[in-house]
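Thanks for making time for this. I would like to walk through one model, going residue by residue and then out to the whole chain.

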Amino acid sequence: MNRELFAAGERLVSPAYVRQGCEARRSHEHLMRLLLEKGKCPEDGWDESTLELFLHELAIMDSNNFLGNCGVGEREGRVASALVARRHYRFIHGIGRSGDISAVQPKAAGSSLLNKITNSLVLDIIKLAGVHTVTSCFVVPMATGMSLTLCFLTLRHRRPKAKYIIWPRIDQKSCFKSMITAGFEPVVIENILEGDELRTDLKAVEAKVQELGPDHVLCVHSTTSCFAPRVPDRLEELAVICANYGIPHIVNNAYGVQSSKCMHLIQQGARVGRVDAFVQSLDKNFMVPVGGAIIAGFNDSFIQEISKMYPGRASASPSLDVLITLLSLGSNGYKKLLKERKEMFSYLSNQLKKLSEAYNEKLLHTPHNPISLAMTLKTLDKHCSKAVTQLGSMLFTRQVSGARVVPLGSMQTVSGYTFRGFMSHTNNYPCAYLNAASAIGMKTQDVDLFIKRLDKCLKTVRKEQNKESDVSGVDNNDKTEDVDIEEMALKLDTVRLDTCQDSS
């Protein structure tokens, strides 16, 4: 309501009451004005009434919500279901134009404002998380893999002779397929084992650049966030190699925004060498539905070039989701989540260490990985290799999601490339192991329940192993043991966790 409306209201209701309501409205508008002026995430989160008022104000600026709108085109923001319209807060036109995902739409001033504000807030959060010199970013309505593909396709125009992408190995399908989909040939650089950790083989990377010739290399495709015992790539050293040979450097930072260590590596890489773009997932870092990513970098013109490579308009849903989330949390709320995640990592590490020692296993020493942990399964694998995958099945059927059980010797073919030891990031890791990660939003009760269920599963598998090994002197008629619920559940665990191999 504007001043004229409030003045008209004073004829019906006491002016004192109307003025009080006007002041309340102004407090909401003050928050919205600060957001539009500064383009930064507010320190304290907004309440739902302010958020919904803001979204409503933006939505009525789109042509599909004009009271007298007369649409005679093929794309007029018509929606058959009122439920769908409400789900999207009546933002129907999406973001961008046919030539640029970041462009302003004449028909949709509100959606265009939403897009610009979201990109500005996300840039602010990336700086807050540790990449202080980032200059540009945009939200793209694709997950990490396809967003990486968009980066590679953009580089194609800059480097017409290039056909190879140098890729320190990480066993995750989407980042590998992102290179294949873009039409390039991945050059896999095997990791080297240092203690328990798998680390970047810098000599092999540089040797491969020299062998192929810098002009024939599209870029180095490195990784920060990953499953232990693999640790983040040596980004600083890779950035220096890329700068020395004039090769672009694209970083897969899938769930690295939540880790100050991952973000520090990117910042340092850009400081001492070359980092052209880094890509991160919205769902993994900001707890929103799957379907969006952020492409960010240190050169405005290159990031704009990537945004112009996106063909057509795009869904506004990922932008809307992350905007609502960041305004609800505020920068203080997000910083609190980052702090809690670090605390949960320490807690999970301590609890897994205690449990592993109780079963004569050990927690792998991977100090360079700030998110993922790995616990050996040597005693299970030594007795029966099938017991390792059986443990994974048991955890899955007991509603433990996200844990990965990695057996020895797995073979996997991805887009025509065969990987030995798939999921372990190397051909021959010394032992089988189990992964668990401390990601943003994890609570103490999640860790406690996971440890409790893992303990039960390990006991059950051990019990079954003992029965199989103790075959001498057994009287088939002398089976008086009670069958507990874990043993009964074990018989149902016949499905191997193929979904773990597809985790992304």
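This is a predicted model: local features need pLDDT of at least 70, side-chain atom pairs count only at pLDDT 80 or more; totals for chains, interfaces and linings use all residues.

In which helix is the place of Gln351? Gln351 sits in helix 13, which covers residues 317–358; helices here are DSSP runs of H or I with at least four residues, strands are runs of E with at least two, and both are numbered from the N terminus. Residues are numbered from 1 along each chain as its sequence is written, and side-chain values use heavy atoms, with hydrogens and water left out.

Gln351 has a relative accessibility of 19% and therefore counts as buried, given that buried means under 20% relative accessible area, exposed over 50%, and partly exposed in between, with a 1.4 Å probe and protein chains only. Leaving aside neighbours within four places in sequence, Gln351 is in contact with Val447 and Ile451, where contact means heavy atoms within 4.5 Å.

Gln280, in strand 8 (residues 277–281), is also buried, with a relative accessible area of 0%. Not counting residues up to four places away in sequence, Gln280 touches a list of residues that includes Ile126, Thr144, Val257 and Ala293. The side chain of Gln280 is joined to that of Asn253 by a polar contact of 2.9 Å, and a polar atom of the Gln280 side chain lies 3.0 Å from the backbone oxygen of Phe278. A polar contact is a pair of N or O atoms within 3.5 Å; within protein, one must be able to donate a hydrogen and the other to accept it, and residues adjacent in sequence count only if both atoms are side-chain atoms.

UniProt lists Arg75 under "binding site", and the record's "modified residue: N6-(pyridoxal phosphate)lysine" covers Lys284; UniProt positions are in the numbering used here, feature names are shortened, and annotations may be inferred rather than shown by experiment. Lys284 has its place in helix 11 (residues 282–286).

Is Arg75 in a helix or in a loop? Arg75 is in the loop between helix 3 (48–59) and helix 4 (82–87), and because its relative accessibility is 24%, Arg75 counts as partly exposed. Beyond neighbours within four places in sequence, Arg75 is in contact with His93, Gln105, Lys107 and Arg313, and with His93 there is a polar contact between the side chains, at 2.9 Å.

Turning to exposed positions, Asn244, in helix 9 (residues 235–245), has a relative accessibility of 59% and so counts as exposed. The C-alpha atoms of Asn244 and Gly273 are separated by 8.1 Å, although these residues are 29 residues apart along the chain. Leu12, in the loop between helix 1 (3–9) and helix 2 (15–38), is exposed at 78% relative accessible area.

Finally, the whole chain. The protein chain has 18 helices and 14 strands, and its C-alpha atoms fill a box of roughly 100 × 65 × 40 Å, taken along the principal axes. Of the 504 residues in the protein chain, 52% are buried. Among contacts between residues at least 6 apart in sequence, 73% join residues at least 24 apart.
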